[in-house]
2 protein chains.
Amino acid sequence: MNESQAIPAFSALAQETRLQIIRFLVRSGPNGSPAGKVGEEVGASSSRLSFHLNVLEQAGLVTATRVSRTIIYRADLQRLGALVGFLLEDCCSGHPTVRKCCEMPPSKG
Amino acid sequence: MNESQAIPAFSALAQETRLQIIRFLVRSGPNGSPAGKVGEEVGASSSRLSFHLNVLEQAGLVTATRVSRTIIYRADLQRLGALVGFLLEDCCSGHPTVRKCCEMPPSKG
DNA sequence: TCAATACCTCAAGAGTTATTGAAATATGAA
DNA sequence: TTCATATTTCAATAACTCTTGAGGTATTGA
């Protein structure tokens, strides 16, 4: 991931509705979720939802696939991982203090 | 880190000049750097620099300390780490695919 | 073909962000 | 006090973001 990919990604995540969408799509797993269901989940009107899904898609954080009348959205976990990597390596020079946050939480081994 | 801290932090990082500032301040280490030197480094006029440093400070990603005539800025590594943690845990539910990016790079391991 | 469903696009308006240049504030030294 | 240095604040402006509501497109089934 380079800066010109990271900037739209950070920008996409800097918004409450889009954060809700990402959370929901990550939890929806590899099957993803149709736009309508995402809209119900986050409580957004169709045009508002479409606007935010488009921002996320342009940022590369979600993918869209048409299946008949519905459009299935999925979180792009590789991209999200690459963004974490950008934050750790590019922004923070791999600094150990920043890296500590990535260790597994104690109760989850 | 919660959502209302993460949103301004993502927003702060979604800008080229501020990304340059963060990189430089992380590399400057615990002594930080005076505003003027940051401005030289990133090629920003004083008012423009001040604007961006303020955004970063409000977002909690840098701290400012006055020392005589100069103001020393430092990257807040704890906050940056907490933001990585938010991205991994809150946004991505600690998903292993996303986590893989946090492993030490092979040549540095 | 017509109607229904699922979703997107468009235009308008309010609010926010980034840049510029001028002016203000704070500190230190002559 | 006067001057220089370091930095912030202010006002104007252009560009961008988000929301709303109306209308459009794609697909399916009767």
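Where in chain A is the place of Ser33(A)?

Modeller: Ser33(A) sits in strand β1 of chain A, which covers residues 33–34. Helices (H or I, at least four residues) and strands (E, at least two) are DSSP runs, numbered from the N terminus. The model is predicted, so local features need pLDDT of at least 70 and side-chain atom pairs count only at pLDDT 80 or more, while totals for chains, interfaces and linings use all residues. Residues are numbered from 1 along each chain as its sequence is written, chains are lettered from A and ligands numbered from 1 in the order in which they are written, and side-chain values use heavy atoms, with hydrogens and water left out.

With a relative accessibility of 1%, Ser33(A) counts as buried. Buried means under 20% relative accessible area, exposed means over 50%, and partly exposed is in between, with a 1.4 Å probe and protein chains only. Apart from neighbours within four places in sequence, Ser33(A) has contacts (heavy atoms within 4.5 Å) with Phe24(A), Leu25(A), Ser28(A), Val38(A), Ile71(A), Ile72(A) and Tyr73(A).

Two of these partners, Ile72(A) and Tyr73(A), are also touched by Thr63(A), along with Arg74(A) and Asp76(A), again leaving out residues up to four places away in sequence. Thr63(A) lies in strand β2 (residues 62–67) of chain A. Because its relative accessibility is 34%, Thr63(A) counts as partly exposed. Between the C-alpha atoms of Thr63(A) and Glu103(A) there are 28 Å in space, and the two are 40 residues apart in sequence.

Next comes the chain as a whole. Chain A has six helices and three strands, and from the N terminus its elements follow the order α-α-β-α-α-β-β-α-α. Along the principal axes, its C-alpha atoms fill a box of roughly 50 × 35 × 25 Å. Chain A has 109 residues, of which 45% count as buried. Of its contacts with a separation of 6 or more, 53% are between residues 24 or more positions apart.

A nonpolar core is a set of buried Ala, Val, Leu, Ile, Met, Phe, Trp, Tyr and Cys residues joined through side-chain atoms within 4.5 Å. The largest one has 70 residues, and Phe10(A), Leu61(A), Phe10(B) and Leu61(B) have the most contacts inside it. Phe10(A) and Phe10(B) are both buried. Leaving out residues up to four places away in sequence, Phe10(A) touches Leu83(A), Phe86(A) and Leu87(A) in chain A, and Phe10(B), Leu13(B), Ala14(B) and Leu19(B) in chain B.

Rings of Phe, Tyr and Trp (its six-membered ring) pair if their centres lie within 6.5 Å; planes under 30 degrees apart count as stacked, over 60 as edge-to-face and the rest as tilted. By this rule there are three aromatic pairs over all chains. Phe10(A) and Phe10(B) form a stacked pair, with 6.2 Å centre to centre and 25° between the planes. The pair joins two chains, because Phe10(A) lies in helix α1 (residues 3–13) of chain A and Phe10(B) in helix α1 (residues 3–13) of chain B. Phe10(A), Phe86(A), Phe10(B) and Phe86(B) form one aromatic cluster.

A residue is near a strand if one of its heavy atoms lies within 4 Å of it. Around DNA strand C there are 19 residues, and Gly36(A), Ser47(A), Tyr73(A), His52(B) and Arg69(B) come nearest. Of the atoms of DNA strand C within 4 Å of the protein, 65% belong to sugar and phosphate. Polar contacts here are pairs of N or O atoms within 3.5 Å; within protein, one must be able to donate a hydrogen and the other to accept it, and residues adjacent in sequence count only if both atoms are side-chain atoms. A phosphate oxygen of DNA strand C is 2.7 Å from a backbone N or O atom of Gly36(A). For a side-chain N or O atom of Arg18(B), the distance to a phosphate oxygen of DNA strand C is 3.0 Å. α4(B) gives the most to the surface near DNA strand C, with four residues. That surface divides into five nonpolar, nine polar and five charged residues; Ala, Val, Leu, Ile, Met, Phe, Trp, Tyr, Cys and Pro count as nonpolar, Asp, Glu, Lys and Arg as charged, and the others, Gly among them, as polar.
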